[in-house]
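Try each task yourself before reading the solution.

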Amino acid sequence: MAASPSTARAINDRFALRLLQDEGPLTATQLKTLTGLSRPTVADLVERLQDSGLVHVVGEAGADRRGPNAKLYGIVADRAHLAALDVRTRSVSVTVADLLGTTLAEASVPVGDDSGTGPAVEKAVALLERAVGEAGADRLHSVAVGAPGLIDPATGELRDSSGLPAWHRRLVGVLQERLPAHVLVENETNLAAVAELREGAARDREDFVLLWLGQGVGAAVVLDGRLRRGASGGAGEIGFLPVPGTSGLPSATGCDGGFHELACAAAVGNLAAAHGLDPADALASGHGPFLDALARRLAVGTAAVVSVLDPGCVVLAGETGHAGGAELAARVEAELVGLSPLRTEVRPTALGDAAVLRGALLRARDAAQDALFP
């Protein structure tokens, strides 16, 4: 069935806006070439987008050739402002950006263990408000929050967890109450995977698994270019994965005995100390025996993930993956050769500590563009 004229216009407008987002400012002739549309159709399209306040003239092209210069059209970046929050156990980081994702302000603040729920929430909200002011934004259109824990797929809310601070969940509610903005929350590991998929180590992959190796241990699963959350939002909870070499088995209420026991930051620190190394410097030390021992541990959990999903690629992220870099990734890949018949490339994170915040910003930008673009 052929699309109606109004539907066809909406499809063409969105396609053009995506091109302007990805390619930057373009002339009408360039839009005609990239879209395959006729010149009159492109002219109508540009006029509609200008009238809607989404596109404006940003300059001219062709100054180096004879004849009249062509107008360059670009997205109106300040049509909407976005915010991204990376909520950690002991800190909050914020980025405020425009509709194109250009960073306008950044800030972070520690949140101590002695902070109560109310003061911790107010500290985070005040940080966001200061960043919005520094960015010169009148209001926010979309806000994305990255936090540890499970996100309920039915409600989109952060679930209660005995292992995480209560202020995490309360913060999302307060932002939704106070801000005239669309507030989204997503698991931090999933956001890191989105960022690595679109801008980082997995840009050339449709299938991969990101292992988050930090204070906690988790994974994000991307198959066919899509993030997979699971029926209850718990896909990737590999800290609970039963593996050999631990003190026992994990339980429904704790991941002691699971892969977490081998791969969390505390376990990595203990392994470093056992090799006579300072835990703060061990991953960057190039100490072969320590890195080999750590790679064997990581390969145990990675092999289990690979045997079930066959992603073809694993990205090591979190503080351990970032600090270990290419050297640790290569060792884990070599260990996997002996544990699994499935060929798997292991790569270090390309975005490091910025992955969660960048993923949250991409999520906020997508939400704003979905709402604003026809």
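Two exercises with worked solutions follow.

This is a predicted model, in which local features need pLDDT of at least 70, side-chain atom pairs count only at pLDDT 80 or more, and totals for chains, interfaces and linings use all residues. Residues are numbered from 1 along each chain as its sequence is written, and side-chain values use heavy atoms, with hydrogens and water left out.

**Exercise 1.** Work out the strand order of the open five-stranded sheet.

Step 1. Take strands as DSSP runs (E, at least two residues; helices are H or I, at least four), numbered from the N terminus. Strands pair if DSSP finds at least two bridges between them.

Step 2. E8 (residues 208–213) runs parallel to E11 (residues 313–317), with four bridges joining them. Trp-212, for instance, has Ala-317 in E11 as its bridge partner.

**Exercise 2.** Describe how H9 and H10 pack.

Step 1. Place the helices: H9 (residues 288–309) lies across E8, E9 (217–223) and E11, while H10 (residues 318–339) touches E8, E11 and E12. Contact here means heavy atoms within 4.5 Å.

Step 2. Get the geometry from axes fitted to C-alpha atoms over the stretch in contact, with angles from 0 to 180 degrees between N-to-C directions. The H9 and H10 axes are 8 Å apart, at about 65°.

Step 3. List the contacts: H9 residues including Leu-291 and Leu-298 meet H10 residues including Leu-328 and Val-332.
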